Amino acid sequence: MLEKALKGSPKYYMWVGYLLLLIGGTSGAYVNQLMEGLTITGMSRDVSWGFYIAQFTYLVGLAASGVMIVLPYYFHHYKKFKDLVIFGEFMAIAAVVMCLGFIVVDIGQPQRMLNVLIFSTPNSVLFWDMVVLNGYLILNVLVGWTCLECDRQRLPHPKWTKVLAYTSIVWAFSIHTVTAFLYQGLPGRHYWLTAILAARFLASAFCSGPAILLLVILLTEKVTTFKAGAEAIATLAKIITYAMCVNVFFFALEVFTAFYSNQPGHMHSIVYLFKGLEGHSELVPFMWTAAFLGLGSLALLIPPKLRDNLKLLPWSLAILVIATWIDKGLGLLIGGFNPTPFETITPYWPTGKELLVSLMIYGTGALVVTILFKVATEVKQEIGASQKPAAELAAE
Amino acid sequence: MNHTRRNFLKFMGVAAAGLCAASAGSALAVSGAGSSIKEPANAANAKRWGMIIDTQKCGTKEAIEALSKACHSVHNVPDIPGNQNVKWIWAAKFSEAFDQHNNYMDEAHETCQYVLLCNHCTNPPCVRVCPTKATYKRADGIVAMDYHRCIGCRYCMAGCPYGARSFNFMDPRKYLDPSKLNKEFPTRMRGVVEKCNFCVERLAHGKQPACVEASNGGLVFGDLGDANSEIRKLLREHYTIRRKPSHGTEPGVYYII
Amino acid sequence: MKLYNGGKIITGLVIFLGVFLAPFAYNAGKAAYTQPKLKMPENEKECIESKEFMRTKHMQLLNDWRDWALRDGKRVYVNSKGKEFEMSLQKTCMKCHTNKAEFCDKCHNDAAVSPYCWDCHIQPEGLKK
């Protein structure tokens with residue numbers, strides 16, 4: 001089926017060429033990092049994880065989010081999601097590829113990476129994260145590819161794909177839970193040391209992930225003959241809305257616990273993020289932006305009239321994505337490391353090179369999504385599943 | 001045999017598998033013919049190594065910097081400016097060292113400086129989180145590191161509640177004076193984490209840790225598992241505290257306040 | 001038996017063989033490999049184990065030494081003749097082999113291997129700025 005990714009319109013070639021150029025260009029920054037070390041990043045002795053690990057965490061959420069389509073389809077036989085399932089699975093593949101990429105660029109000795117297997121250490125959560133992420137990748141590749149191939153040949157899906165799909169649903173919850181365990185099992189990092197962190201991770205994943213997926217699907221509709229059903233989109237938007245409500249609620253629980261109990265350790269990180277501490281207020285404008293956009297997205301998503309407005313929906317989703325990204329992609333890591341173990345503040349901001357390396361990985365993810373979605377939409381077109389009506393096509 | 005593509009591929013598959021098995025078998029030889037290993041005869045041993053720091057005797061910036069100098073020169077620790085620095089033992093204020101906030105502190109303690117180093121915890125979170133066992137706890141309580149194995153994931157740095165660990169963001173040799181190196185000890189390389197090792201290489205030769213030697217009695221090192229040791233005697237005679245006891249890590253470094 | 005797409009397959013095979021055999025062609029006519037001359041210690045005739053053992057197994061030995069010394073605290077190696085050595089690259093090996101460039105590097109360069117020992121360990125010649 002991969003040959004379908006080799007033939008396309010000039011626009012398709014230009015987009016792929018652009019991505020390849022982007023990856024090639026930005027990989028220079030990574031080569032520079034390999035030669036110089038992680039000193040080219042903004043990380044320090046006190047803030048020893050930064051933008052890379054934050055992106056990794058955010059993208060594990062995107063990987064897990066495909067389950068919001070797969071679960072209703074397989075567990076509740078919600079047929080309207082039938083033609084969306086493959087996109088959820090393919091998005092998960094791209095997301096896991098990016099996750100692994102961000103881990104690789106973050107470690108100081110990437111050539112020793114396989115030590116995690118050679119000297120496998122089950123008491124380290126990082127070991128389990130490696131297991132669940134790679135397992136999830138394999139599950140999605142196997143199920144997604146096989147089912148699509150069967151669809152193309154108009155054959156029923158083999159029984160084992162159903163078993164693996166059920167497994168992947170449970171597995172999706174595990175990948176983000178284990179990723180949260182990376183953080184919440186550490187003593188002395190008060191912003192992370194909370195039982196609700198895994199639940200918060202899942203809630204933010206299940207709103208932001210499907211939001212990104214839906215945005216990409218809406219974009220796919222623009223450039224291909226594929227058309228997701230209106231009801232499927234409405235249902236997905238509903239799922240996103242519920243998950244975002246839970247996400248905001250969970251954060252409010254954190255705030256209550258910290259401030260009503262008046263525990264300095266629990267309060268300090270939140271105070272640093274939203275008000276500034278010891279003269280440092282680097283993140284304050286970002287965190288308030290996130291708060292306003294988060295609540296704003298709810299205001300646009302909760303009323304059914306606004307949510308079902310397809311002109312407005314992409315904007316609501318976009319601000320939701322920005323809000324959750326600031327929360328998880330900036331605040332989580334920087335707020336976790338500040339205050340430092342010495343009750344001081346060490347500001348962190350990614351450097352230009354750090355952002356270029358991140359762009360390289362995002363570019364790779366975009367390329368994987370492009371190629372997989374190209375294959376999927378071509379197959380859907382071939383078998384005539386979820387296609388735009390002829391009249392609409394003619395109008396284009 | 002039918003000359004079909006199927007048969008050809010089958011044959012090639014079996015041949016390839018055979019080749020792999022043959023080459024794997026030959027790599028199973030082991031090293032060390034008729035040899036044995038043992039501990040050095042003059043090694044200092046303990047059930048549980050620990051340290052006690054008398055903050056009255058060793059409480060000024062200058063006094064502690066002498067300790068850092070002794071340690072850092074023995075272990076080839078570079079002096080890197082900025083916040084990507086590396087340090088094994090250093091000085092800090094009371095509020096940075098201990099999470100026991102107090103108002104209206106007496107001047108002596110307010111201005112006093114405290115020696116900070118790896119606590120060599122009984123329950124070290126760094127060992128718990130390391131995905132490769134590059135950091136590990138020895139039977140004598142020393143939390144040690146194998147720099148050969150460290151992949152530089154820095155999970156241990158996130159795990160340590162004491163900020164005892166440093167990462168080599170760059171090649172440390174750029175900040176070392178080649179003429180002043182200790183040629184009996186290695187440097188580190190870029191991309192690995194490092195920290196205090198309680199001078200495990202000196203204990204193997206019966207010597208005290210470098211900082212203890214340089215402290216004029218301000219630091220005492222010994223066996224916490226031996227009720228008759230000097231360190232246990234000092235612990236009996238003085239009120240001591242440890243850093244952040246609420247984390248349950250059970251530090252092996254005690255402070256006489 | 002009929003060969004489908006024969007032309008393409010044969011062309012592909014020819015290109016593959018060409019690339020595969022290129023190193024042989026490149027080295028054809030050159031002198032045969034000779035073992036490099038190593039600078040041996042002047043005051044010491046015997047290494048910790050036999051010459052053959054050291055030549056073929058020094059990497060496994062160093063690998064074991066590291067784990068024994070660092071993890072088990074057993075820092076003394078008693079060789080097959082009962083003689084004792086401290087397990088230390090810098091303090092034992094390089095005390096006799098006082099020149100890395102004239103000893104280690106000779107074979108390593110020829111074999112195109114670059115062990116990362118010297119990223120951390122200090123060679124007897126010292127470091128250059």
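**Second largest pocket.** I started with the lining of the second largest pocket, which by class has 19 nonpolar, 8 polar and 4 charged residues. I am working from a predicted model here. The space in this pocket comes to about 1,100 Å³. I looked up which of its 31 lining residues are closest to the centre, and found A:Trp15, A:Val216, A:Leu219, A:Val369 and A:Thr370. Helix 14 (352-383) of chain A is among the elements that give two or more residues to the lining, and so are helix 1 (10-36) and helix 8 (197-223) of that chain. Helix 14 of chain A provides the largest share, 11 residues.

**Cavities.** How many cavities of 30 Å³ or more does a search of the whole structure find? I got 8. The largest cavity holds about 110 Å³. Its lining includes A:Tyr73, A:Lys82, A:Asp83, A:Glu89, A:His157 and A:Lys380. Helix 3 (67-76), helix 4 (85-106) and helix 6 (125-152) of chain A each bring at least two residues to that lining. I noted the classes too: 6 nonpolar, 1 polar and 5 charged residues.

**Nonpolar cores.** I then asked which residues have the most contacts inside the largest nonpolar core. They are A:Tyr183, A:Trp192 and B:Met51, in a core of 192 residues. Helix 4 of chain A gives the most to this core, 14 residues. A second, separate core has 14 residues, among them C:Leu61, C:Met87, C:Cys104 and C:Trp118. Going back to A:Tyr183, I listed what this residue touches beyond four places in sequence: A:Trp49, A:Ile53, A:Thr57, A:Trp192, A:Leu197, A:Phe201, A:Leu332 and A:Leu333.

Is B:Arg165 buried or exposed? I count B:Arg165 as buried because its relative accessible area is 3%, under the 20% cut-off. B:Arg165 sits in the loop between helix 6 (155-159) and strand 7 (166-167) of chain B. Its side chain makes a polar contact of 2.8 Å with the side chain of B:Thr135. Beyond four places in sequence, the contacts of B:Arg165 include B:Cys126, B:Val143, B:Met157 and B:Glu194, as well as A:Arg45 from chain A. I also checked B:Lys87, 78 residues away along the chain: the C-alpha atoms of B:Lys87 and B:Arg165 are 7.8 Å apart.

B:Arg138 is in the loop between strand 5 (135-137) and strand 6 (143-145) of chain B. At 13% relative accessible area, B:Arg138 is buried as well. I found a polar contact between the side chains of B:Arg138 and B:Asp140, at 2.8 Å. Leaving out neighbours within four places, B:Arg138 is in contact with B:Ala144 and B:Val200, and with C:Ala69, C:Leu70, C:Arg71 and C:Gly73 of chain C.

Most residues other than glycine have a negative phi, and most peptide bonds are trans. Between A:Asn338 and A:Pro339 I found a cis peptide bond, with omega about -5°. A:Pro339 belongs to the loop between helix 13 and helix 14 of chain A.

B:Tyr104 has a positive phi of about 50° and lies in the loop between helix 3 (94-97) and helix 4 (107-111) of chain B. B:Tyr104 is exposed, at 83% relative accessibility. For B:Cys199, phi is near 55°; this residue lies in the loop between strand 8 (193-194) and helix 7 (200-203) of chain B. B:Cys199 is buried, with a relative accessible area of 4%.

Technical notes
Residues numbered from 1 in each chain as written. Chains lettered and ligands numbered in written order. Predicted model: local features only at pLDDT ≥ 70, side-chain atom pairs only at ≥ 80, totals over all residues. Heavy atoms only, no water. Helix = DSSP H or I, 4+ residues; strand = E, 2+ residues; numbered from the N terminus. Buried < 20%, exposed > 50% of the residue type's maximum accessible area, 1.4 Å probe, protein only. Polar contact = N/O pair within 3.5 Å; in protein donor to acceptor, adjacent residues only side chain to side chain. Contact = heavy atoms within 4.5 Å. 1 Å grid on protein atoms, 1.4 Å probe; cavity = no way out; pocket = protein on both sides within 12 Å on 5 of 7 lines; lining within 4 Å. Points joined across faces, edges and corners; volume = space filled by probe spheres on them. Nonpolar A, V, L, I, M, F, W, Y, C, P; charged D, E, K, R; others polar. Core = buried A, V, L, I, M, F, W, Y, C linked by side-chain atoms within 4.5 Å.
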